[in-house]
Amino acid sequence: MMTPFYHFKGTRDAIRPLDRIDHIREASKDFQKTMLAKPKVRFYKSMELIRVPYPAKYGYLNAFTLPTPFIHLCNKLFVIQFDSAEGLKTLLVSPSDWEYQRETPFFAQLDQSAGPFSNQMEKLIVKGTNTVLGALQQLGLRPEDIDYITYDHLHTQNVTRWLGGKGQVALFPNAKLLVMREEWESTLSLLPWQNQWYCPDGTLGIDASRIELLDDSVFLGDGSVALMRTKGHTEGNHSIVAHTDQGLLVTSENGVSMDSYAPLHSKIAGIANYAKRTQSEIIINGNTLECGNEQYLSMIQEKSVAGPWPKDERFFNMALSSESDGYWLFPATKPTVRMGELEFGQITLPNRLTGQGVMK
Ligand SMILES: [Zn+2]
């Protein structure tokens, strides 16, 4: 089901950091060629789950110049179907179980700092549109249809309901978590610096047979999906690359908007100026700064693999898992452009009677 690829091996070994960028760009071209020669995914759909406030000072590290404390982040779920030697597979990217991730210290703190207004504030700035189970139902998928789940990183995630934690029955009886080994090991042993962002017990008690630990970047199935290591936002961060009718779409949270990958063209206060002044090609999402330089390089890698956005070639084909949007309470934070929701191909619903797939 999985084939490792090594296009980026050694690209970060040069002693001179700028040389690493050249090597990454070269390797990206080669990788793009390889992947575009492979089949496309059978189905791809992104669906909004919830909008949450997120400190602007982290979202656009060092670049945002207004006092607006928050930006609005829109968490998305991606439902992807692809062919493999073992038949059609259904993958969920970033299925955030937001009803169960409130114990993440950062969110708990946010609640507390609002004091008696906590409830009202929450109603005003947290906008739940959908849940993972609701989204699946809309598509006609059942929990048992899910073969794999993956997250670009595990900040705030609680996967125990999906995979079965201590004393819990797994809601997705057949799903396996695809995760980089570093990310998984991190969640089991966090520095205080990191633990503000992970949901305590979010990964505890899950049976080892449900977890597929990855040591390398891999193609999934027929190669229409790739999980590409992009260390930075977290040590074990990876990006999801999907081959669609819109080219290669790249998903992660190394950046929070399409502006983050093309800052010179951004209309958000301060961003373009910062990019001009510093020559920075990207703006990192820097809440934990686990690996800042690596994150810079990873974002160059992501945008090089994604290539230009067909609708406006100044921007890149980034389908971010948490894409910022404007909100009246957070003035002047609206991104210049947004990827929004996407859908390609046709969903296949497993035929409950014969066990064979039927097109919807
Ligand atoms: Zn994060």
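I count two strands as paired if DSSP finds at least two bridges between them, and I take helices (H or I, at least four residues) and strands (E, at least two) as DSSP runs numbered from the N terminus. I am working on a predicted model, in which local features need pLDDT of at least 70, side-chain atom pairs count only at pLDDT 80 or more, and totals for chains, interfaces and linings use all residues. Residues are numbered from 1 along each chain as its sequence is written, and side-chain values use heavy atoms, with hydrogens and water left out.

**Entry 1, the open sheet.** I looked up the strand order and found an open sheet of five strands, S1-S9-S10-S11-S12, with antiparallel pairing. Strand S1 (2-4) and strand S12 (247-251) each have a single partner strand and stand at the edges, so one side of each is left without a neighbour in the sheet. From one strand to the next the twist averages 25°.

For angles I use axes that are lines fitted to C-alpha atoms, for helices over the stretch in contact, taken between N-to-C directions from 0 to 180 degrees; contact means heavy atoms within 4.5 Å. Helix H10 (residues 292-306) lies across strand S10 (225-229), strand S11 (238-244) and S12, and runs at about 155° to S12. I call a residue buried under 20% relative accessible area, exposed over 50% and partly exposed in between, using a 1.4 Å probe and protein chains only. By that cut-off eleven of the 15 residues of H10 are buried, among them Leu297, Met299, Ile300 and Val305. Their cover includes helix H1 (17-36), S10, S11, S12, strand S13 (308-309) and strand S14 (312-316). After H10 comes Gly307, with a positive phi near 75°.

I then turned to strand S4 (residues 89-93), where five of five residues are buried. Lys89, Leu91 and Val93 point one way from S4, whereas Thr90 and Leu92 point the other way; in a regular strand the side chains alternate between the two faces of the sheet. Strand S3 (residues 70-82) runs antiparallel to S4 and is joined to S4 by five bridges, with Val79 opposite Leu92. Six residues lie between the strands of this hairpin, in which Gly87 takes a positive phi near 100°. S4 also pairs with strand S6 (residues 148-150), in the parallel sense and over three bridges, and here I found Val93 opposite Thr150 in S6.
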